[in-house]
Amino acid sequence: MDKNEDSAKGITRRGLMQAGGGLAVAGLAASFPAPFVQAARTFKIGFVSPRTGPLAVFAEPDDFTLAQVRKVVAQGVKVGGKVVPVEVIYKDSQSNSNRAAEVASELILKDGVDLLVAASTPATTNPVADQAELNGVPCVTTDTPWQPHFFGRGGDPKTGFVWTNHFFWGLEDIIGSFTNLWEQIPTSKTVGALWPNDPDGNAWGDAKMGFPPVLAKKGFKLVDKGRYQSPADDFSSYIIDFKGKGVDIVTGVVPPPDFANFWSQAGQQGLKPKIVTAAKASEFPAAIAAFGDRAENLSVEVWWSPAYPFHSGMTGQSSAELAKAYTEATGRPWTMPLAFKHALFEVALDGLRRSDGPGNPEALRDALKATNYASVVGRVDFATGPVPNVSKTPLSSGQWQRRGKGLELVVVENSQAPMVPLQAKLKPIV
Amino acid sequence: MVDWINTVLQGLLLGGLYALFATGLSLSFGIMRLVNIAHGDMIVLAAYLAYAVVTHFGINPFVALLLIVPAMAAWGYVLQRVVLSRSLTGSILTPLMVTLGLSIITQNVLVSVFSADSRAIPAGGVETAAVPLGGGVTLGLYPLIVMATAIGVIVGLQLLLGRTELGRAFRATSDDQETAQLMGIDNRLLYGLAMAIAMGIVGLAGVYLGIRANFDPSAGPSHLIYAFEAVVIGGLGSLWGTLAGGMILGVSQSIGFRLDPGWGILASHLAFLAVLVLKPNGLFPRTRDR
């Protein structure tokens, strides 16, 4: 019906605008004849990130980071004497791994990107890297522990991958850091585990590769009821067990709603652990704010914080300056993915500078492989990792301690990353 | 032994929350045969409204109920008259599709307005207060409040349906819509009122959800499934049955959890399947229903 009306009128507003736009572009092209030296082709970076959906909290710094990057590349990037214009194309994975693969292949096949970058959990980085590997496009990813990224994609530690590189910490760092953290104050040395039945929970609770063997070696007793199905509304049976067995330390890799349930019910039913180290649930300031005063002295792993002694090679900012600029621009507290998003583009632009510019993916691939770069999250060097194509960044542990009116995440444990300065000592919750 | 008593009691109280989630659904299905896929998202919407009101004005969330419940009821009335009534064309599929669309729209609007951060409604300590019963059994004050509210809501609805003229009209429309219309009942107005009541209860459930745990825009669908199961276990149209259904879900879940954490949620779904196999109409179906 609408269509008929449109065609009956002959010219629609939209049609006219499109025609006008086309004319204007054609006019511009005609009035500027080709310069003597043909301008370099634009270097296109495709960026996949979970902007919407359950993982969106990871993508919160994206707009800020993109604005920073676009400012840096506004005048183009110098590659071997030529100035190359750089464009970043941003696509939403909708927190869904199928969708992430779809937009990655769209970026490769339709937009013809020269480089793919992606961040935030295996649901984003794995499908994007797989598409890049399949289509022979250079790729850098971050913000997924390296084991689920490398082994989750069927990586062979002998040969590695051809086109894809990844930087982040690994499970061994978090196990080392947490167990050292728990030795800081006297407890019953009995650890209660909240590990859900998901890739993270299964990896952490794995009898060979996860926490259990290290805890046994260090003399901790483990109360592990098994993997629970998330989301769960009721943690009474855990609480009854933890109380009965004298658990002083509660740990886990718990989605925020599950942890909120557990922590309220622990209050209702009188479970008072001295240390609660819950990854995932207490990594983000917004999630911490939702717990109110009950978040005080919760502990968590720290991938990066303003205390990290590194500088950005892209903007020259120190960790503290980057965090401050973010808070000033957005009015929100710093969050850990901020620095990793920043570093992702640092590594990408560094690779571009050492490459042959757009149109030569092999040169860019080799340049990225040879990366040895001091980023705001530490040195990135894909040759030094535990497996090929992986570079590890330093991980510490922190605690949400009261500073003035609010809670602040301060570094309290640095055994796995001695270059990170300690800011405080671990305090017991009660 | 004490542990088992504790487990069952905690499960019963969890059932109160599920019943509160399910009552609105039970009502809209019982009266209008409307399967509202967006029910869980409406609960989350109410939680966000309450969050905005509570943090903006700094009032107690139980006081905020005075605002949220009427607001959600009004929203329910408008939604029914403007959108849902057009979808009740006799085919069961149309309202399903319409409410599915509503669910997707609600989630995305919530993301763009409130961002994807998880939130909780601060209630000033009531959420962690404990009521020691002696003998090692401690119940949370808040789950007890939830249970009391669920029972209060169901008693109130039973009185409304059983003792008032409006309730009689509801029941008549539920039993036979055409005949009720012949008797001079304006079923569009009636449906609007039914949805208003259902959404008012959803408002209540949303505030209670927001105090109990934290929520984010995508949290709705996972609450929908328990609401559905509680309604089906209890038998369509039976409100006390819905409460019983919620409790059966809660108890089977906490017993399953006690045996093995992997079985917790599976156990409540198995209980649901068992009821479907043994009593396909639910435990307390109202024989007046078609």
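**Exercise 1. Into which domains is chain A divided, and how far apart are the C-alpha centres of domain 2 and domain 3?**

Step 1. Chain A is divided into domain 1 (2-31), domain 2 (43-169 + 307-391) and domain 3 (172-302 + 395-413); these bounds come from an automatic or database domain assignment. A word on the ground rules: this is a predicted model, in which local features need pLDDT of at least 70 and side-chain atom pairs count only at pLDDT 80 or more, while totals for chains, interfaces and linings use all residues. Residues are numbered from 1 along each chain as its sequence is written, and chains are lettered from A and ligands numbered from 1 in the order in which they are written.

Step 2. Between the C-alpha centres of domain 2 and domain 3 of chain A there are 30 Å.

Step 3. Now look at where these two domains meet. Domain 2 of chain A gives nine residues to the contact and domain 3 of chain A gives nine residues, two residues being in contact if their C-beta atoms, placed from the backbone, lie within 7 Å.

Step 4. On the domain 2 side, seven of these residues are nonpolar, two are polar and none is charged. Here Ala, Val, Leu, Ile, Met, Phe, Trp, Tyr, Cys and Pro count as nonpolar, Asp, Glu, Lys and Arg as charged, and the others, Gly among them, as polar.

**Exercise 2. Which residues of helix H7 of chain A are buried, and what do they pack against?**

Step 1. Find the helix: H7(A) covers residues 171-182 and has twelve residues. Helices (H or I, at least four residues) and strands (E, at least two) are DSSP runs, numbered from the N terminus.

Step 2. Check its span. From first C-alpha to last, H7(A) reaches 17 Å, close to the 16 Å expected at 1.5 Å a residue; the expected span is 1.5 Å times one less than the number of residues.

Step 3. List the buried residues: Asp173(A), Ile174(A), Ile175(A), Ser177(A), Phe178(A), Thr179(A), Leu181(A) and Trp182(A). A residue is buried if 20 or more other C-beta atoms lie within 10 Å of its own, exposed if 12 or fewer, and partly exposed in between, with C-beta atoms placed from the backbone.

Step 4. Their packing partners in chain A include helix H9 (211-217), strand S10 (249-254) and strand S11 (275-280). Strands S12 (299-302), S16 (396-403) and S17 (406-413) of chain A are also among them.

**Exercise 3. How many helices and strands does chain B have, and which of its elements gives the most to the side that touches chain A?**

Step 1. Chain B has eleven helices and two strands, in the order α-α-α-α-β-β-α-α-α-α-α-α-α along the sequence.

Step 2. The radius of gyration of chain B is 19 Å, close to the 19 Å that the globule rule gives for 290 residues, so chain B is as compact as a globular protein of that length. The radius is taken over C-alpha atoms, and the rule is 2.2 Å times the number of residues to the power 0.38.

Step 3. Of the 290 residues of chain B, 56% count as buried.

Step 4. The contact between the chains takes 36 residues from chain B and 34 residues from chain A. In chain B, helix H1 (2-32), strand S2 (137-140), helix H10 (239-259) and helix H11 (264-278) each give two or more residues, and H1(B) gives the most, with five residues.
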